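Visitor: I would like to learn how to read salt bridges and domain contacts in a model. Could we go through one together?

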Amino acid sequence: MDFDLSEEQRLLKESIDGLLTDSYDFDARKKYQKEKGGWSKAVWGKLAEQGLLGLPFAEADGGFGAGAVETMIVMEALGKALVLEPYLATVVVGGGFLRHGGSAEQKAAHIPGIIDGSKTFAFAQLEKNSRYDLADVSTTAKKKGAAYVIDGEKFVVLNGEKADTLIVTARTKGSRRDRTGIGAFLVPANAKGVTRKGYPTQDGQHAADITFTGVEVGADAVIGDPENGLPLIERVVDEARTAMCAEAVGAMDESLKTTVEYLKTRKQFGVPIGSFQTLQHRAADMFVALEQARSMSMFATMAADFDDAKERATAVAAAKVQIGKSGKFIGQQSIQLHGGIGMTQEAKIGHYFKRLTMIENTFGDTDYHLRRVTDAGGLV
């Protein structure tokens, strides 16, 4: 299999790397964190200007018709720079629902706003006791004529504090953990009955707990089948997991580079500590862990084209397992090799570990995905 990037993909990589090098160093990131919602509208506008927000959408919808590899390239670059802007929530997840399940009218109403940067999304899925089970949905969407009335609570909704539109999973029939009777709904964030409580997460991003009280939406708010929406939800979430794997690889890559540079410059006993063989061995082990993670991220990206949904899901789960293991190892080693300074807010290395920890726990942690792989008959 040829893993070399095409000419167009290399240009994409150079473009986003150049943009982030110019506008997203660690000091700039700290300034962006202080803006409303925890990210920069100016940077989001630059991503739109370069066409990055329109990459995965079909040309007929105003996009570029790019695939999973292009998303991997972008997400890896975002991970290296610890980008705060809601690319995952808006382009990958929100865009994924529209691409795979949206009607022509829904695409026309929402995709242009994503592409030009004027509209952002958030995926309201996690509930108080649902853990990582996408079928564990207590929020209800009851029919009222041709409309639906949504009631329930969602927690840790990434970009939920600032999003313009929410994609909400809600139960239209059945009991709490039934795999049928689940739908996905487009809900304006400013709709009557929507209450948002925003807060920063440990990795510097922002989320919100959202309450829906008698929120009424029309039939045109339903994405796909309101009684059998779980397959669509699972597909989009697997794409989000794959994108996060690439983001984690970028964060691990930068963590290793930062740590090796520190080993070359920090002196003890009159010599750089990188000259100590034991520390060289630890850096080498970090490199091996990074390459294992990179390989599995590529595997998950290639799996996006698998026709068999179960095979695709197992490949993504296996990648998430390796990403979790490698991220934890590289993050811990980076902190330890930096010593006390690695524990401070002023040093960027700790912020990479925080982001890696959040990625590991989003849409299923390592143990959860290990069970998925073993249940499917795979080995990790």
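Visitor: How many salt bridges does the rule find across the interface of domain 1 and domain 3?

Guide: First, the ground rules. This is a predicted model, in which local features need pLDDT of at least 70 and side-chain atom pairs count only at pLDDT 80 or more, while totals for chains, interfaces and linings use all residues. Residues are numbered from 1 along each chain as its sequence is written, and side-chain values use heavy atoms, with hydrogens and water left out. A salt bridge is a side-chain nitrogen of Lys or Arg within 4 Å of a carboxyl oxygen of Asp or Glu. By that rule, 2 salt bridges cross the interface of domain 1 and domain 3. The structure holds 20 salt bridges.

Visitor: What area do domain 1 and domain 3 bury between them?

Guide: The size of an interface is often given as the accessible area lost when the parts come together. Buried area is what two parts lose on being put together, summed over both, with a 1.4 Å probe. For domain 1 and domain 3 the figure is about 2000 Å², 75% of it on carbon and sulfur atoms. In terms of contact (heavy atoms within 4.5 Å), 20 residues of domain 1 touch 29 residues of domain 3.

Visitor: Which residue forms a salt bridge with Glu76?

Guide: Arg294 does, with the closest N and O atoms 3.0 Å apart. Helices are DSSP runs of H or I with at least four residues, strands are runs of E with at least two, and both are numbered from the N terminus. Glu76 lies in helix α4 (residues 68–81) and Arg294 in helix α8 (residues 277–303), so the pair ties together parts that are 218 residues apart in sequence.

Visitor: Is that pair buried or exposed, and what are the values for Glu76 and Arg294?

Guide: Buried means under 20% relative accessible area, exposed means over 50%, and partly exposed lies in between (1.4 Å probe, protein chains only). Glu76 is buried at 14%, and Arg294 is buried at 18%.

Visitor: Which other residue meets Arg294 in a salt bridge?

Guide: Glu291, at 3.3 Å from N to O. Both residues sit in helix α8, 3 residues apart, about one turn of the helix. Glu291 is partly exposed, at 28% relative accessibility. Glu76, Asp253, Lys257, Glu291 and Arg294 are linked in a network of salt bridges.

Visitor: What does the pair Glu227 and Lys173 link?

Guide: Their side chains meet in a salt bridge of 3.5 Å, N to O. The pair links distant parts of the chain, 54 residues apart: Glu227 is in the loop between β8 (222–223) and α7 (230–265), and Lys173 is in the loop between β4 (165–171) and β5 (182–188). Glu227 is partly exposed at 39%, and Lys173 is partly exposed at 41%.
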